[in-house]
Amino acid sequence: MLTSIVIATYNRRELLAHTLPSVLAQNYPPERYEVVLVVDGSTDGTAEYVRSLNPSCALEVIEQDNRGPAAARNAGIAASSGDLVLFLDDDIRCEPRLLQEHAEGHAAEDGVLVHGALFLAPESPRTLAACATGAWYEQHNAEVAAAGGLRPDRNVYLNANSSVAKSVLEDLGGFDESVPFPREDFELGLRIWKAGIPLRYRPEAMAYEVFSKPSRQFVRADAVGQAQADVVICRKHPDYRSHSALAPHDPPTMLDTALRRAFHRLPRGVERMLDPGVEVSERLIDLSPVRRLGLRLLAVQRRIVFERAASAATGSARAFEHAFDRKLAVLLYHRVGPAIPGLHPALTVSPTDFERQVAWLRRRGYRGIRPSQWQDWLEGRGTLPRKPVLFTFDDGYAEIVEHALPVLRRHGFGALVFVVTGMLGEAMSWDAEGRAVDGPPLMSADEVAHLAREGVDFGAHGRTHRDLTELSENELDDEVRGSHADLEQITGGPVACFAYPFGRYDDRVHKSVSSTYDLAFTTERGVNGLATPPHLLRRSGVGPTDSLLDIEWRARNGHVPLRRTRDFLRIRARAQAFRGGPAKRPWSSPARGG
């Protein structure tokens with residue numbers, strides 16, 4: 001089997017003189033590999049230098065006008081004669097056994113992509129950018145080792161040390177020349193993975209990048225190219241959006257959101273204010289504290305440039321927020337109705353309080369969405385309001401038909417109701433700890449069917465509201481898939497959502513739910529963003545003591561700060577009042593009357 005090593009280069013004659021000999025001197029039969037070097041418009045004598053070499057393997061030089069790395073690699077693929085194509089960059093120095101390791105990887109398993117290990121070459125110029133790149137390689141290799149292989153959403157880079165069958169590259173059309181450098185290789189890696197080609201990591205196939213880019217280029221040109229490319233890739237591969245660097249951190253925080261939006265609106269060139277600090281740090285790079293400071297400054301510069309370039313590539317800062325930076329608050333209610341003696345009080349919100357909460361959110365600019373709108377936005381379809389909120393109701397109490405749904409309709413909000421399909425029309429028979437109780441009635445199947453026709457969204461909550469983590473495989477399947485089938489039959493339509501009973505799940509439960517539903521909801525606090533796993537969506541539980549300010553916090557950040565402290569103060573005040581002592585007035589918001 002013949003292997004073709006494809007290398008694209010542009011004006012790097014001196015660097016190539018250092019790295020190319022390691023490619024031409026592989027411990028591999030020279031008749032079994034060739035090197036195809038594409039000179040992409042170089043003007044520094046690269047082609048003349050390469051043609052002056054006399055290697056034992058075949059060496060072909062292709063010259064073309066400067067068209068970019070993707071076009072250069074495509075030209076190399078077209079000119080290659082091998083069954084396998086191994087991609088290397090012009091700054092990659094190889095171990096002598098590199099090609100042998102790739103060949104053994106393909107011999108062990110046919111029809112795979114083999115990716116080798118990458119490291120920073122010790123002879124790289126000592127710059128902050130080189131240090132940052134070396135740290136990235138260490139993290140990359142550690143992630144791959146910890147995951148037991150490549151993750152297609154994070155670390156399939158084809159330009160530096162990857163090999164795959166030429167037929168696969170031809171079938172997929174090679175590199176997409178519309179994807180900006182330096183991410184065109186990653187985009188092809190996504191397509192290879194989606195085509196069903198297994199990805200195999202071979203750590204013994206070692207190569208080293210001789211990193212020679214100055215820190216200024218690393219900050220400016222590379223960060224801009226990555227941002228532009230990620231926008232293009234997200235449009236082409238919407239399922240990659242949540243894994244992209246364009247997605248906010250998960251969980252999304254108010255601080256991260258504020259920083260991103262500030263970076264998007266900073267004037268062009270503001271990152272240059274940090275140049276003096278970076279330059280001084282680079283001169284004193286051997287001093288560990290100074291080096292760490294310089295790396296932080298470099299990271300801030302790169303972040304500013306990346307975020308601003310992402311806004312420009314999307315169209316504007318506002319367009320970027322619409323596309324990538326929405327936060328969804330999901331409010332969790334159980335009962336809305338009058339209090340019932342003996343029932344856990346935290347499960348009930350009075351109709352009066354509920355009306356005030358819904359009206360307050362409407363006045364504060366929040367707008368209701370349906371779960372399908374969130375799913376569409378995750379997949380790159382449609383838009384969301386600036387402050388979206390989703391009202392959810394667990395267990396499907398009959399009282400919400402009278403006390404909650406009309407209020408939501410009046411104020412323009414929808415509802416997602418999770419029902420226990422095996423107990424419809426019966427009385428609620430469990431409490432928050434799973435103990436048997438004699439509770440209020442649940443909706444009937446006829447009510448569910450009628451409300452579904454009127455536009456209320458329904459999701460499954462199991463068949464019998466059991467703790468799924470304690471069930472056998474057959475019982476788990478009955479609760480998860482069985483409730484899905486029940487609800488589809490009742491509503492006459494698809495069922496996309498599930499809520500974990502008692503909020504409890506483990507890896508086994510998560511896998512079962514993920515294979516059955518599009519979205520699943522926990523009881524973990526917080527808001528949701530583009531990077532939030534769709535089957536681990538967070539919700540903020542609303543209780544009977546929530547003030548309007550609490551509701552604002554839940555809708556904005558998914559939890560109420562200092563809530564436990566405030567509850568403790570309330571309990572202490574009540575206890576003191578009960579004992580007849582002087583009660584200290586607990587903190588309360590003006591919304592509760594203070």
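**View 1. Surroundings of F521.** Beyond its neighbours within four places in sequence, F521 contacts V330, L390, L416, F418, C497, F498, A499, Y500, L537 and R539, where contact means heavy atoms within 4.5 Å. The model is predicted; local features need pLDDT of at least 70 and side-chain atom pairs pLDDT 80 or more, while totals for chains, interfaces and linings use all residues. Residues are numbered from 1 along each chain as its sequence is written, and side-chain values use heavy atoms, without hydrogens or water. F521, L246 and W374 touch the most other members of the largest nonpolar core, which has 45 residues. Such a core is a set of buried Ala, Val, Leu, Ile, Met, Phe, Trp, Tyr and Cys residues joined through side-chain atoms within 4.5 Å. Buried means under 20% relative accessible area, exposed over 50% and partly exposed in between (1.4 Å probe, protein chains only).

**View 2. V513 in helix α21.** V513 belongs to α21, residues 507-514; helices are DSSP runs of H or I with at least four residues, strands are runs of E with at least two, and both are numbered from the N terminus. V513 is buried, at 0% relative accessible area. Not counting residues up to four places away in sequence, V513 touches V480, F498, Y500, A520 and H535. Its C-alpha atom is 9.3 Å from that of A499, 14 residues apart along the chain.

**View 3. Packing of α11 against α13.** Helix α13 (residues 288-314) packs on α11 at about 70°, with the axes 8 Å apart. Axes are lines fitted to C-alpha atoms, for helices over the stretch in contact, and angles between N-to-C directions run from 0 to 180 degrees. The two helices, α11 and α13, are therefore roughly perpendicular, a class that spans 65 to 115 degrees. From α11, D256, R260, F263 and H264 meet R303, I304, E307, R308 and S311 of α13.

**View 4. Crossing of α11 and α14.** The axes of α11 (residues 254-265) and α14 (residues 317-324) come within 10 Å and cross at roughly 145°. R260, R261, H264 and R265 of α11 make the contact with A317, R318, F320 and E321 of α14.

**View 5. Cis peptide bonds.** F181 and P182 are joined by a cis peptide bond with omega about 15°. P182 is in the loop between α7 (166-172) and α8 (184-194). The bond from D250 to P251 is also cis, with omega near 0°, and P251 sits in the loop between α10 (221-236) and α11.

Definitions and conventions. Angles under 35 degrees count as roughly parallel, over 145 as roughly antiparallel, 65 to 115 as roughly perpendicular and the rest as oblique.
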